Amino acid sequence: MKKTFPILGILTAILLSYALYMALVWAPTERTMGNVQRIFYYHVPSAWTAFILFFVNFAASIVYLIKRRPAADIVALVSAEVGVVFCTVVLITGPIWARPVWGIWWTWDMRLTSTLVLWLIYVSYLFLRRFSSGGQTPLLAAALAVLGALCVPFVYFSIWFFRTQHPQPVMGGGGSIDPRMLHVLLINWLAFSCFAFLVCWSRYRLERLQRDVDQAHAMESLMDPRGSVR
Amino acid sequence: MSGNPYLFAAYAATWIIHIVYLGTIVSRYSRLKREIEELKKPGVRS
């Protein structure tokens, strides 16, 4: 088990490097947008990874609400945190791509606005986890996570329901994509998914350790012969 | 429309965000390690 993490880390680093090479060199250059279209290979997989992590957060929150398992609470926290990181990447790379293509950094269109709202919901979830110290915090956070998850399908399908400036989805959107571009996109998604899994794994171990240390501090305070509260 | 600076900016921003986040995990790990060392010391109360 101790060796699994470094081995997976090395494999993921190799996969990420290969995916980067494929995105920058191997993938064909798009006719109208040119090289800037290659942002697609980081922007879209980051969005998909964020959506999956928010779904994991939703599932773990449901498990916590039903069974009150601390492990489910940790999985919910970790997936939300890493999901916010990936969603931040989406919100940063999107405007960088939009500027040369649309001529603007941002527009209050339904897809962009709903993604920003989704990000704000999960950031508030993390603030709740970080700054609320009551015993009910995991329960409140789980309830917020369930509501936040409702926003994910809305973000994804917003480009179907509303007239937006954002392009149609790559998968199931009725548009066509060059098979080589699709190949590179899927490799990048695989690489970012492996990376996200490893980050979640290390963050999970950290959170468990943190809770053990907090418990040890609490026990130490209880056993203090002076009975002092630190 | 070449857009190479934008492409570079987007890829660099992605990795900067991930590296900064990984940095926070590493710093939290080292802080916890120090706390564990403190807890292991017999009779030490901070």
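**Chain A, chain B and the helix pair between them**

A:Arg68 counts as exposed because it has 12 C-beta neighbours inside 10 Å; a residue is exposed if 12 or fewer other C-beta atoms lie within 10 Å of its own, buried if 20 or more do, and partly exposed in between, with C-beta atoms placed from the backbone. This is a predicted model, in which local features need pLDDT of at least 70 and side-chain atom pairs count only at pLDDT 80 or more, while totals for chains, interfaces and linings use all residues. Residues are numbered from 1 along each chain as its sequence is written, and chains are lettered from A and ligands numbered from 1 in the order in which they are written.

A:Arg68 sits in the loop between α2 and α3 of chain A; helices (H or I, at least four residues) and strands (E, at least two) are DSSP runs numbered from the N terminus. Its phi is near 55°, a positive value in a residue other than glycine. Most residues other than glycine have a negative phi.

Chain B has one helix and zero strands. Of its 46 residues, 13% count as buried. The contact between the chains takes 24 residues from chain A and 22 residues from chain B, where two residues are in contact if their C-beta atoms, placed from the backbone, lie within 7 Å. On the side of chain B that touches chain A there are 14 nonpolar, five polar and three charged residues. Here Ala, Val, Leu, Ile, Met, Phe, Trp, Tyr, Cys and Pro count as nonpolar, Asp, Glu, Lys and Arg as charged, and the others, Gly among them, as polar.

Within this contact, the helices α3(A) and α1(B) can be followed in detail. Their axes come within 9 Å and cross at roughly 165°; axes are lines fitted to C-alpha atoms over the stretch in contact, and angles run from 0 to 180 degrees between N-to-C directions. The two helices are therefore roughly antiparallel, a term for angles over 145 degrees. Residues making the contact include A:Ile92, A:Ile96 and A:Trp97 of α3(A) and B:Ala10, B:Ile17 and B:Tyr21 of α1(B). By class, the contact divides into 12 nonpolar, four polar and one charged.

The largest nonpolar core has 56 residues; such a core is a set of buried Ala, Val, Leu, Ile, Met, Phe, Trp, Tyr and Cys residues joined through C-beta atoms within 7 Å. The largest share of this core, 17 residues, comes from α3(A). A:Ile39 is among the residues with the most contacts inside the core. Not counting residues up to four places away in sequence, A:Ile39 touches A:Thr93, A:Ile96, A:Trp97, B:Leu7 and B:Ala10.

Definitions and conventions:
Angles under 35 degrees count as roughly parallel, over 145 as roughly antiparallel, 65 to 115 as roughly perpendicular and the rest as oblique.
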